[in-house]
Amino acid sequence: MRGAFITFAVAMLLALLSAIPANAFCMFGCNPTEAHARQIFENLLKQRVDKPFKIVEFKQTMAERLEMHATGEKGYEIFFNARVEFPDGANLECKPDEAGKFAEGCSPSNHYVTAPRSSDPPGKQYIAPGSTILFDEEYRFYEAGSGWKGPDGKVYTAD
């Protein structure tokens, strides 16, 4: 009698577990990853420069879960450093003239970022041929169904 009860309980447990969606088991380890941040970095960098580049180094430095207290919205932030080479430069039309003046629509800022923020330098930024630029950034992801919406607008899920 006891063996039948245990068999019944195990069968019910297995049936219950098989009915739960796989993403429900993502209580731990289903956060955005360094690989997701790198993909977003590449996507956003392609929008900001007009020449080929090479990401020589990309390293996550910190990550943390967030919860917006006012809305209850869940988030995740990944901090990283990246080193990017621009063999042909980028946005060459934004090279300052001899007087150091920048063309209309070009930014004089040497602070390079990819994540959209209100404090970003407006306009395109000139990058001299052969330059290596260091990026020190963070990306905030927001929970979106079974994944995380990144700053590039795409939803990323655990692999």
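1. Starting with lysine 74: this side chain counts as partly exposed, at 31% relative accessibility. Keep in mind that we're looking at a predicted model here. Lysine 74 pairs with glutamate 67 in a salt bridge, with 3.5 Å from N to O. Glutamate 67 comes out partly exposed too, its relative accessibility being 44%.

2. Next, the pair between strands. Arginine 140 and glutamate 77 form a salt bridge through their side chains, at 3.6 Å from N to O. Arginine 140 belongs to strand β5 (residues 131-144) and glutamate 77 to strand β2 (residues 74-86), so this contact ties together parts that sit 63 residues apart in sequence.

3. Worth a look in that pair is the accessibility of each partner. Glutamate 77 has 9% relative accessibility and therefore counts as buried, the cut-off being under 20%. Arginine 140, on the other hand, is partly exposed at 34%.

4. Then there's lysine 124 with glutamate 93, whose side chains meet in a salt bridge at 2.9 Å, N to O. Lysine 124 lies in strand β4 (residues 124-125), while glutamate 93 is in the loop between β2 and β3 (106-107), so the pair links parts 31 residues apart in sequence. As for accessibility, lysine 124 is partly exposed with a relative accessible area of 41%, and glutamate 93 also counts as partly exposed, at 42%.

5. How many salt bridges does the count come to? Five, by the rule used here. Among them are glutamate 67 with lysine 74, arginine 140 with glutamate 77, and lysine 124 with glutamate 93.

Note on methods:
Residues numbered from 1 in each chain as written. Predicted model: local features only at pLDDT ≥ 70, side-chain atom pairs only at ≥ 80, totals over all residues. Heavy atoms only, no water. Salt bridge = Lys/Arg side-chain N within 4 Å of Asp/Glu carboxyl O. Buried < 20%, exposed > 50% of the residue type's maximum accessible area, 1.4 Å probe, protein only. Helix = DSSP H or I, 4+ residues; strand = E, 2+ residues; numbered from the N terminus.
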